[in-house]
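Hi everyone, thanks for coming. Let me put the model up on the screen, and then I'll walk you through it.

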Amino acid sequence: MGIAFIDLQAQRLRLEPAITEAIGRVLERGDFIQGREVGEFEAALAAFTGARHVLSCANGTDALTLVGMAEGVGVGDAVFVPSFTFVATAEAFSLLGATPYFVDVLPDTFDMDAASLKAAIVDARVRGLRPKMVVAVDLFGQPADYAALTPIARDAGAVMVADAAQGLGGEMNGKRVGTLADYTTTSFFPAKPLGCYGDGGAVLCDDADKAALIKSLAQHGKGTEKYDNVRIGLNSRLDTLQAAVLIEKLRIFGDEIDARNRVAARYTEALHDVATVPVVREGALSSWAQYTLTLKNRDDVQARLKAAGVPSAVYYPLPLNRQGGYRDCPVAPAGVAVSERLAGEVLSLPMHPYLDAATQDKIIEAVQAL
Ligand SMILES: Cc1ncc(COP(=O)(O)O)c(C=O)c1O
């Protein structure tokens, strides 16, 4: 067996027979759409995170779209997003007619740079755009610096959103991801820290009115009567089968986050002399969606790791401002030099809660030998 980049089979074996039984219960009842486990999972995730409301939906991209719709984001609005992230962070708001405005990131934590955001807000106004929303990304699992970003968003009259597709399970000063911004969105894509066996996502928030609005928006804009659609919405639902899987995975999620942190600590201890290792901010707990090195000779290192049988991945090889669909979007006045550099230097190593010490040592030795 080769080394797995993410070992979902080890997790599945740990969860058997509970996961097969959970799936079996749904198959027997046949309530595939909005069945019993959907509400149960939402309540369990609310209890885990401390968020008052959890609204499940079809994927993490829809979760962002639903938040944009709930806040009336549209033409003439600027939505500030990092240039170094997965495309969905910007795409959701482009589809609503708003302008994604690209902000640079910090070189050591990979998340939104507050100084770049400040300058971007001033520039957006000069361009005649309304600062409507700031969407920070918990890239690779670490909560963004909401303590620095939220006051800037508030001063601009903008809503603060956490794109925690990669960040669920993280914490800041003991507060869990899901409670660190006005809205938190997340994804249950299989490779995410809390992943299901297909697509899934959720919005987390504390405001009861907004939660009700998002619930309606995710169900075709449903009103109180089933066939009275009081607004234009989406069809965005978490399948009952996926909710059943997620309930079982959530039971061991805290333990898996601890295991990921042990793996990350071993990498950092062994590799800080040979590469730039990721920095965890004081008071933060990362869910370690990825363990990402920064290396000047990245492509070379990746090729040599591959030859040594060690899988690795580049998240992300191009900042969003360099991608065809987003080339015309504004970027922060000082540019996004850090994002541009990171795109050429980042390399993510195998990371999952079931990475045993002997296998990790092989990975570490392969990196040290380069
Ligand atoms: C930062 C970020 N935002 C949004 C998404 C979108 O999530 P999904 O694939 O569930 O739509 C992802 C994951 O792919 C992501 O990594």
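I'll go from the domains to one helix pair, and then to some backbone details.

First, some housekeeping. This is a predicted model, where local features need pLDDT of at least 70 and side-chain atom pairs count only at pLDDT 80 or more, while totals for chains, interfaces and linings use all residues. Residues are numbered from 1 along each chain as its sequence is written.

Let's start with the domains. The assignment gives domain 1 (8-251) and domain 2 (253-368), with bounds that come from an automatic or database domain assignment. Their C-alpha centres lie 23 Å apart. Domain 1 brings 44 residues to the contact and domain 2 brings 34; contact here has C-beta atoms, placed from the backbone, within 7 Å. On the domain 1 side, H1, strand S3 (99-103), helix H6 (114-126), strand S6 (171-172) and H9 each supply at least two residues.

Now to the helix pair. How do H2 and H9 pack? Helix H2 (residues 18-29) and helix H9 (residues 240-251) meet at about 150 degrees, their axes 9 Å apart, so H2 runs roughly antiparallel to H9 (the term covers angles over 145 degrees). The axes are lines fitted to C-alpha atoms over the stretch in contact, and angles run from 0 to 180 degrees between N-to-C directions. Among the contacting residues are Ile19 and Val26 of H2, and Leu241 and Val245 of H9. The contact divides into nine nonpolar, one polar and two charged residues.

On to the backbone. Most residues other than glycine have a negative phi, and most peptide bonds are trans. Here, a cis bond joins glutamate 16 and proline 17, with omega about 5 degrees, and proline 17 sits in the loop between helix H1 (8-15) and H2. Another cis bond joins tyrosine 315 and tyrosine 316, with omega about 10 degrees.

And what about phi? Glutamine 34 has a positive phi near 50 degrees and is partly exposed, with 15 other C-beta atoms within 10 Å. Tryptophan 288 also has a phi near 50 degrees, but is buried, with 29 neighbours. The cut-offs within 10 Å are 20 or more for buried, 12 or fewer for exposed, and partly exposed in between.

Notes. Helix = DSSP H or I, 4+ residues; strand = E, 2+ residues; numbered from the N terminus. Parallel < 35°, antiparallel > 145°, perpendicular 65-115°, else oblique. Contact = placed C-beta atoms within 7 Å. Nonpolar A, V, L, I, M, F, W, Y, C, P; charged D, E, K, R; others polar.
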